[in-house]
Amino acid sequence: MATAFPKVSRIQYDGVGSKKPLAFKHYNEAELVEGKTMKEHLRFSVTYWHTFRGQLADMFGMGTAVRPWEDGTNSVSMAQKRARVAFEFMEKLGTPYYAFHDRDVAPEGRNLKESNRALDAVVKVLKEQQKRTGIKLLWGTACLFAHPRYMHGASTSCNADAFVYAAAQVKKAMEVTHELGGEGYVFWGGREGYSTLWNTNLKREMDHLAAFLHMAVDYKKKIGFKGQFLIEPKPKEPTKHQYDSDAAACLNFLREYGLLEHFKLNLETNHATLAGHTMQHEMEVAIASNALGSIDANMGDTLLGWDTDQFPTDIYLGAQVMLGILKMGGFTTGGTNFDAKVRRESFEPVDLFHGHIAGMDTFARGLKIAAAIRKDGRLEEFLKERYSSWDSGIGEKIEKRKVGFKELEEHALKMGEVRTNRSGRQEWLENLVNEFL
Ligand code: XUL
Ligand code: CO
């Protein structure tokens, strides 16, 4: 096959200070950090939907992307050719993983049977390309939000027929994810929410979502798929309110319906900010419940109120995220999936490389910064000291549940006023972190 990127060869690490645009300045895949290679820590993944299906359209204008390998059809043969282009791209970039929706990789047919047949035909090529390159599938998912049949939602639709179709679609998507050795399977409920409560039975819809996920868990066991199930929170867009609105809402939902042991979270930065949180907040919430599975790495724009899905270039963000990942002991089945697209003005194929190189260097730098902060130890020491009143005396007794209000009243009467508060030192800590940037 003719090369799709004739002017690009394998992107190499050229070191800090390099002026080569198509080279890594920080991502050195073999470099050891805390005893593991950068490649093992970061587990970078390319998203099929933005990188190979994104037209770079926005709500005011049509797509601008120039993709010379496209023949203008949405045929199975074009999908197979595109799969080969995708693997050439990932091979040159040096990313070990990719992620897809069923309808990104293969076209939707006139009926379910035809769609499944098209998917099988492309999966054959994906499998052959995975074998050829060693690149693996991080996770698969089903697109349950683009087709008009899902206008009211999929598993939370008011129409039971839509639930049925969605179940059949997820069944097939899980099967192909399993066949391709996917390490996870993601549920992102793009339309699992509402536009107005006047037409919505919220309780019934949430019950249906839970029933759907229980069926998925059952089917996973049935086919012997061992990958991690992940829920991806997002508060809104396209719906006004999505039921999986943030990490805390997802965890509450999973606990309420007895699903928590089967799921972890796939957290995305721009979804966190849309929810009015930081990514750091979302990660802390998930880690506290041992439920952080994977991340969709991107960032938003502080002046735009929607999901801009930009490549993450904020070093501060990269450091915060990697501190969280190191703290939880690293990814197991998850990874750093670039759910990001180049800007509409960055229309040339080479911009796809620039976007990913920027993201990979930002996260590699974030990893090095996070490891340096941990090695330094002052941040951790401060945190430990800040809570030291809980390590002995009355604090320890409370944590061990050895005392109740009666004993605490006796203690308070003896103790007198609370006098031992110490400064939170926020500004000192923020400056301390800056020492490492
Ligand atoms: C949409 C989004 C999705 C999920 C997968 O905002 O993030 O692409 O990652 O369905
Ligand atoms: Co995402």
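This passage looks at ligand 1 and at the two largest pockets of a predicted model.

The model is predicted, so to speak of local features a pLDDT of at least 70 is needed, side-chain atom pairs count only at pLDDT 80 or more, and totals for chains, interfaces and linings use all residues. Residues are numbered from 1 along each chain as its sequence is written, chains are lettered from A and ligands numbered from 1 in the order in which they are written, and side-chain values use heavy atoms, with hydrogens and water left out.

Start with ligand 1. Around it sit W49, H101, W139, W188, E232, K234, E268, H271, D296, D307 and D339, where being near means having a heavy atom within 4 Å of the molecule. Sorted by class, this shell holds six charged, three nonpolar and two polar residues. Here Ala, Val, Leu, Ile, Met, Phe, Trp, Tyr, Cys and Pro count as nonpolar, Asp, Glu, Lys and Arg as charged, and the others, Gly among them, as polar. Some of these neighbours come with distances to ligand oxygens: a side-chain N or O atom of E232 is 2.7 Å from an oxygen atom of ligand 1, one of H271 is 2.9 Å from a ligand oxygen, and a polar side-chain atom of D339 lies 2.7 Å from one. The protein covers 94% of the 290 Å² of accessible area that ligand 1 has on its own (Shrake-Rupley method, 1.4 Å probe).

The space that ligand 1 takes is the largest pocket. A pocket is an open set of points on a 1 Å grid over the protein atoms alone, where a 1.4 Å probe fits, with protein on both sides within 12 Å along at least five of seven lines; lining residues have an atom within 4 Å of a point. A molecule sits in one if more than half of its atoms lie within 2 Å of its grid points. The largest pocket holds about 1,500 Å³ of space, a volume being the space filled by probe spheres set on the points. Its lining has 45 residues, with W49, H50, F145, D309 and K341 nearest the centre. α2 (48–53) gives the most to this lining, with three residues.

The second largest pocket has a volume of about 910 Å³. It is lined by 23 residues, and Q280, E284, L323, L379 and L383 lie nearest its centre. The top contributor is α11, with six residues. The lining divides into eleven nonpolar, six polar and six charged residues. Helices are DSSP runs (H or I, at least four residues), numbered from the N terminus.

How values were computed. Polar contact = N/O pair within 3.5 Å; in protein donor to acceptor, adjacent residues only side chain to side chain. Helix = DSSP H or I, 4+ residues; strand = E, 2+ residues; numbered from the N terminus.
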